[in-house]
Amino acid sequence: MTKAANTMWGGRFAAGPDAIMEAINASIGFDQRLAAQDIAGSRAHAAMLASTGIISSTDADAIGEGLLTILSEIEKGDFAFSTALEDIHMNVEARLRELIGDAAGRLHTARSRNDQVAVDFRLWVRDQCDAAEAGLLALQKALVGQAEAGADWVMPGFTHLQVAQPVTWGHHMLAYVEMLGRDRSRFADARARMNLSPLGAAALAGTSFPIDREMTAKALGFDAPMANSLDATSDRDFALEFLSAASICAMHLSRLAEELVIWSSAQFRFVKMSDRWSTGSSIMPQKRNPDAAELIRAKIGRIFGANVALMTVMKGLPLTYSKDMQEDKEQVFDAADNLMLALAAMAGMVGDMTANRESLKAAAATGFSTATDLADWLVRELGLPFRDAHHVTGSLVALAEAKGEDLPDLTLAEMQGVHEGITQDVFDVLGVENSVASRTSFGGTAPVRVREQVAAWKERLG
């Protein structure tokens, strides 16, 4: 361990740890990502110390200027991070001492690394909530654009991945807009809950210095300081909430990615992915692989894994801080990186993809997709109980299937052979366009409803 590191620790340790201990103990390899947040927190703390008379204005000014110099060095790539100094906090403080001398030592008055890292990490995660909001908004707008273009394009709706009833392309796209809207609300809720400042809780019990926690909270954009110093230093709920929201969002992205993989296959031909989001094969010249969608689908596992990993780290920790909590950051960093990448890639793919209207319509007309419309017609026009109508429709499906036809291909005479009350009017509901047009209930797939929802979402998204 260097002399500088021993100085930082004070006189407690006569000799430094060996290389293995240094390697397992150091976090600078990853927590240097908190540099901007660490410096922001330190500048707010120094200003507060001067305002309350705990340190002089001269020292506070020197500290503030020195920290800005360090931030500039880090942003330019000129800062030399040291593993011996363990973490971002001690690396910054050591450099500050080189720049301004003994005044740097006053920065840590009424503060501990425990509340320092808590505020740094909370600020970083708060920024990620904002980034997720922006990424989700961009993807929603891309989906709404697709929905508007295909508000009346008929496609098959599926249950069990079997053709169920006709729906519209626009309706399907808007389903994901709704999911992502809930994701945005989860990130917003998490952000609101985490927007309290742990700074000033010190190691765990607060401090005897006359600090102003309201001042530092306001300077850092928090709503208020956290009310319990033990909770302030030990809480990682904010990171877990972010990971939970990220996991649900990631699940939605994976479902959409899976559909894009299926839809772009030669068997479906529902969509064509642009060259920007597809790759070829090294051996098969005809291939057009949806690699971006597949990679999104795969990367989601890393986000799920981070959520489970941090839950596992935290589940057995007594109050307050334990070194185990150093393992919180890499998981969150990796999850955030992959979520933002997945959101950006999905927005690009959705914005560029082209839906094949003819293939969608042809598929919508297969699999007896208008059977429910027939059953509804029997109830509505002939007054049959639904269960009886269900039975009649099933018999007609069996007849059409035996003939290798679909329901609209049956003759009126064949239908009347199953139920004599059926009239020519039944064919008005058997076409897929008629089917979707009839689904006018709120939230339904009728083009008129889709266009209403598109307009509402465009206004909401801005």
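The lining of the second largest pocket divides into seven nonpolar, five polar and four charged residues. Here Ala, Val, Leu, Ile, Met, Phe, Trp, Tyr, Cys and Pro count as nonpolar, Asp, Glu, Lys and Arg as charged, and the others, Gly among them, as polar. Keep in mind that this is a predicted model, where local features need pLDDT of at least 70, side-chain atom pairs count only at pLDDT 80 or more, and totals for chains, interfaces and linings use all residues. Residues are numbered from 1 along each chain as its sequence is written, and side-chain values use heavy atoms, with hydrogens and water left out.

**The second largest pocket**
- This pocket holds about 310 Å³ of space.
- Of the 16 residues that line the pocket, H171, H172, L174, A175 and Y176 are the closest to its centre.
- Two or more lining residues come from each of helix 8 (169-194), helix 11 (237-263) and helix 20 (447-461).
- Helix 8 provides the largest share of that lining, seven residues.
- On a 1 Å grid over the protein atoms alone, a pocket is an open set of points with protein on both sides within 12 Å along at least five of seven lines, a cavity is a set where a 1.4 Å probe fits but cannot get out, and lining residues have an atom within 4 Å of a point.

**The cavity**
- Searching the whole structure turns up one cavity of 30 Å³ or more.
- The largest cavity has a volume of about 30 Å³.
- Its lining is made up of D38, S42, H89, V92, E93, L107, R111 and Q116.
- By class, that lining has two nonpolar, three polar and three charged residues.
- Helix 4 and helix 6 each supply at least two residues of the lining, and helix 6 gives the most, with three.

**Where helix 4 meets helix 6**
- The axes of helix 4 (residues 35-51) and helix 6 (residues 88-100) come within 10 Å and cross at roughly 60°.
- That makes helix 4 oblique to helix 6 (angles under 35 degrees are roughly parallel, over 145 roughly antiparallel, 65 to 115 roughly perpendicular and the rest oblique).
- A35, D38 and I39 of helix 4 touch I88, H89 and V92 of helix 6, where contact means heavy atoms within 4.5 Å.
- Sorted by class, the residues of this contact are four nonpolar, one polar and one charged.
- Helices here are DSSP runs (H or I, at least four residues), numbered from the N terminus.

Key
Axes are lines fitted to C-alpha atoms, for helices over the stretch in contact, and angles run from 0 to 180 degrees between N-to-C directions. Grid points are joined across faces, edges and corners, and a volume is the space filled by probe spheres set on the points.
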